[in-house]
Amino acid sequence: IDTSKAGVMSEAITHGADMINDVRALQNKGCLAVVAQSDIEICLMHMQGMPRTMQESPHYKDVINDILTFFKQRIECCEQQGIDKQRLVLDPGFGFGKTIAHNYKMLAEFSQFKKLNLPLLAGISRKSMLGNLLNRDVEQRLAGSLAAAIVAVQQGASIIRVHDVAETVDAIKVLTAVAQY
């Protein structure tokens, strides 16, 4: 389930959710406690700012290092609450409080997040970073989405969030076949 609300998390866990995807990385009131009382996996996403204002003027000293620092802090908070690190997945948050340049730097250096020794999620499919570069409407971003997915996997992504599942699976199968040689 995709939520940042403790009450929704609790209900979802009660009804059998396997994973929580939280764009606020368990920073909202009560979220750490709800997850700590369960054995559910959690995807911690980085987002600078809040959803309504995150794209107004994103700024980083160093986007990669700033996100690594954020993740280290969130992992520490989780562990302090009794959430085993092995339950965590990290998503640097393509498009969430980042400029186009930040997004492409993150994709180019995605492997830097492997330093944290946790599974990495990349959600790039159909994003505006592709539309802006390719000058394509959202429905016309398949090729860009596939290219981004391949780069993310090459850079260490364990999970790829996509819209075009069959096409992405085919592209990753080709990548996997080539990587065997």
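Which residues do ring pairs link into a cluster? The ring pairs join F70, F71, F94, F110 and F113. This is a predicted model, in which local features need pLDDT of at least 70 and side-chain atom pairs count only at pLDDT 80 or more, while totals for chains, interfaces and linings use all residues. Residues are numbered from 1 along each chain as its sequence is written, and side-chain values use heavy atoms, with hydrogens and water left out.

**Aromatic pairs**

- Four aromatic pairs are found when the whole structure is searched, a pair being rings of Phe, Tyr or Trp (its six-membered ring) whose centres lie within 6.5 Å, with planes under 30 degrees apart counted as stacked, over 60 as edge-to-face and the rest as tilted.
- For F70 and F71 the ring centres are 5.8 Å apart and the planes stand at 55°, so this pair is tilted.
- F110 and F113 form an edge-to-face pair, with 5.8 Å centre to centre and 75° between the planes.

**Burial of the ring residues**

- F70 counts as buried at 11% relative accessibility, where buried means under 20% relative accessible area, exposed over 50% and partly exposed in between (1.4 Å probe, protein chains only).
- F71 is buried at a relative accessible area of 0%.
- F110 is buried at 0% relative accessibility, and F113 is buried with a relative accessible area of 0%.

**Helices α3 and α4**

- The axes of helix α3 (residues 63-80) and helix α4 (residues 100-108) come within 9 Å and cross at roughly 75°; helices are DSSP runs (H or I, at least four residues) numbered from the N terminus, and axes are lines fitted to C-alpha atoms over the stretch in contact, with angles running from 0 to 180 degrees between N-to-C directions.
- The two helices α3 and α4 are therefore roughly perpendicular, given that angles under 35 degrees count as roughly parallel, over 145 as roughly antiparallel, 65 to 115 as roughly perpendicular and the rest as oblique.
- V63, I64 and I67 of α3 make the contact with H102, K105 and M106 of α4, contact meaning heavy atoms within 4.5 Å.

**Helices α6 and α7**

- Helix α6 (residues 142-154) and helix α7 (residues 165-179) have axes that come within 10 Å and cross at roughly 45°, which makes α6 oblique to α7.
- On the α6 side the contact is made by L142, L146, A149, I150, V153 and Q154, and on the α7 side by E167, T168, A171, I172 and L175.
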